[in-house]
Amino acid sequence: MPTSPMPTPESAYDRRRLRQWLAGAARADGVSRRDLLRLLAAAGLATAAVPTALAAPAAAAGGIVKPLPEDWFTVRGTNAETKFASLAGTGYHTPVDHFFVRNHTSTPVLDAADWTLTLWGDGLTHDKPVEFTLDDLKKFPAVTRTAFVECAGNGRSFFTGQQGQTVTGTAWTLGAIGTARWRGVRLADVLRRAGLGRHAVDVMPRGLDPDYVTADGTNLGRVRRPLPLSKALDDVLLAYEMNGEPLPYDHGYPVRVLVPSWIGIASIKWVGDIEVSAQPLYSPWNTDFYRLFGAAHPEDGGAPLTRQTVKSAWELAWDASLDAGAEHRLTGRSWSGAGGIVRVDVSTDGGTTWRRARLHDAPQRAGWVRWSTDWRPPATGSYTLLARATDSAGRTQPDTTVVNTQGYLFDAVVRHPVHVV
Ligand SMILES: Nc1nc2c(c(=O)[nH]1)N[C@H]1C(S)=C(S)[C@@H](COP(=O)(O)O)O[C@H]1N2
Ligand SMILES: [Mo]
């Protein structure tokens with residue numbers, strides 16, 4: 001561990017220039033946050049000039065700025081999964097400090113004062129790109145919308161753990177989801193102001209985080225995924241606030257795209273530019289990734305994934321211990337990308353008998369519902385809890401999910417073990 005350096009003339013560097021340098025360095029060559037801190041320590045800047053968020057305790061995973069306490073998160077590579085048990089009693093909206101983080105690389109620490117959003121492409125009426133500052137965006141009517149962001153791979157580990165299948169990708173349990181109150185402007189308003197042409201069909205937002213390099217060394221460039229204009233003009237936001245605060249660094253500061261009900265990759269964080277195109281667009285994120293491949297799917301893969309599926313999770317640790325002879329109020333949450341949740345059935349005996357859970361929220365499109373059930377375990381021993389949700393579109397969680405090689409969209413009822421002691 002380097003010791004804290006004495007204040008030096010360098011520490012007079014202005015914070016803003018330092019932040020720009022950090023953001024630039026991170027963009028240019030994917031230097032990890034740990035390496036940046038090491039460089040800064042060597043330059044005598046670490047204590048004096050690093051913005052507080054960057055100087056966060058070393059509890060954070062490489063590349064994530066916010067602290068990741070063990071009670072709340074499981075770190076998985078560059079990502080952090082929320083522990084569902086830690087959501088009990090936190091209210092409808094996931095507190096920002098509990099919200100899962102999915103980073104392809106690392107969180108860039110950007111400065112809102114020199115951030116701009118550029119719209120460009122042959123789907124605009126002018127040849128010239130159009131730029132917006134954050135202040136420009138804030139002049140559009142503000143819209144507030146509650147929506148979850150959920151990774152397409154949420155639940156992936158159960159393809160293996162529950163169905164015995166091998167898939168690739170981050171082995172999430174069910175905590176790659178969070179629900180927040182997002183505030184921002186309609187992407188539709190910004191597109192129209194930029195001069196949306198009659199022939200535009202796709203838009204492609206792109207992040208300002210470092211290039212994504214795959215395990216085999218292929219540089220896929222910056223994270224970007226096309227969005228059909230129909231969705232872009234419907235309910236998509238350019239969000240600058242999350243639960244009433246400016247977006248945190250890890251969730252896209254200063255501005256992210258928020259695509260309600262769709263898989264998380266659609267909601268591009270740290271958006272820097274949006275291509276507006278008169279032809280359908282492609283990126284690795286709608287060709288190689290985020291489509292269903294495998295024996296049960298079309299040979300060239302299914303269509304690019306859009307809406308999320310139906311899921312449920314208990315707010316309990318895996319293998320949680322419960323006291324025998326006491327009545328327990330068990331809680332959980334269910335959600336769907338196709339409509340609000342209208343019904344949740346639960347079983348505490350491995351699926352032999354079922355009853356309805358009590359729903360504590362009205363069904364909300366793009367949101368979740370909290371539910372509870374009371375249970376007095378009949379004896380000590382091991383039990384399996386199950387929860388099966390149904391949404392307003394009539395979709396119900398199945399017993400098994402048809403496998404796909406990359407393990408997306410696991411929606412089967414999860415068998416949650418607990419021990420009564
Ligand atoms: N620029 C950029 N945007 C991104 C990503 C990323 O790595 N870079 N990850 C995507 C994925 S896969 C998901 S699931 C969500 C996660 O959002 P969160 O980290 O705010 O929870 O962001 C999406 N937007
Ligand atoms: Mo994701």
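This is a predicted model: local features need pLDDT of at least 70, side-chain atom pairs count only at pLDDT 80 or more; totals for chains, interfaces and linings use all residues.
Residues are numbered from 1 along each chain as its sequence is written, chains are lettered from A and ligands numbered from 1 in the order in which they are written, and side-chain values use heavy atoms, with hydrogens and water left out.

The account begins with the strands. Strands are DSSP runs of E with at least two residues, numbered from the N terminus, and two of them pair if DSSP finds at least two bridges between them. Strand β1 (residues 73-76) pairs with strand β2 (residues 79-82) in the antiparallel sense over four bridges, and Thr 74 stands opposite Glu 81 in β2. Two residues lie between the strands of this hairpin, where Gly 77 takes a positive phi near 60°.

An open sheet of four strands has antiparallel pairing and runs in the order β13-β15-β19-β18. Its edges are β13 (311-314) and β18 (358-359); each has a single partner strand, so one side of each is left without a neighbour in the sheet. The pairing of β18 with strand β19 (residues 368-375) is antiparallel and extends over two bridges, with Leu 359 opposite Trp 371 in β19.

Another open sheet comprises five strands in the order β14-β21-β20-β16-β17, and its pairing is mixed. Here β14 (320-322) and β17 (355-356) stand at the edges, and because each has a single partner strand, one side of each is left without a neighbour in the sheet. Three bridges join β14 to strand β21 (residues 416-420) in the parallel sense, and Ala 320 stands opposite Val 418 in β21.

Two loops carry backbone features of interest. Most residues other than glycine have a negative phi, and most peptide bonds are trans. The peptide bond from Tyr 253 to Pro 254, however, is cis, with omega near 5°; Pro 254 is found in the loop between β10 (245-246) and β11 (256-258). Ser 261 has a positive phi of about 75° although it is not a glycine, and this residue lies in the loop between β11 and β12 (271-277).

On a 1 Å grid over the protein atoms alone, a cavity is a set of points where a 1.4 Å probe fits but cannot get out, whereas a pocket is an open set with protein on both sides within 12 Å along at least five of seven lines; lining residues have an atom within 4 Å of a point. A volume is the space filled by probe spheres set on the points, which are joined across faces, edges and corners.

A search of the whole structure finds two cavities of 30 Å³ or more. The largest cavity has a volume of about 260 Å³. It is lined by 21 residues, of which Arg 102, Arg 256, Gly 264, Ser 267 and Lys 269 are the closest to its centre. The second largest pocket has a volume of about 370 Å³. Of its 17 lining residues, the closest to the centre are Arg 102, Gly 169, Thr 170, Tyr 212 and Phe 289.

Ligand 1 is surrounded by 20 residues, the closest being Phe 100, Asp 209, His 251, Arg 256 and Lys 269; a residue counts as near if one of its heavy atoms lies within 4 Å. Polar contacts are pairs of N or O atoms within 3.5 Å. A polar side-chain atom of Lys 269 lies 2.5 Å from an oxygen atom of ligand 1. A backbone N or O atom of His 104 is 2.8 Å from an oxygen atom of the ligand, and a polar backbone atom of Arg 102 is 3.0 Å from an oxygen atom of ligand 1. Taken alone, ligand 1 exposes 530 Å², and the protein buries 100% of that, with accessible areas from the Shrake-Rupley method with a 1.4 Å probe.

Conventions:
A polar contact is a pair of N or O atoms within 3.5 Å; within protein, one must be able to donate a hydrogen and the other to accept it, and residues adjacent in sequence count only if both atoms are side-chain atoms.
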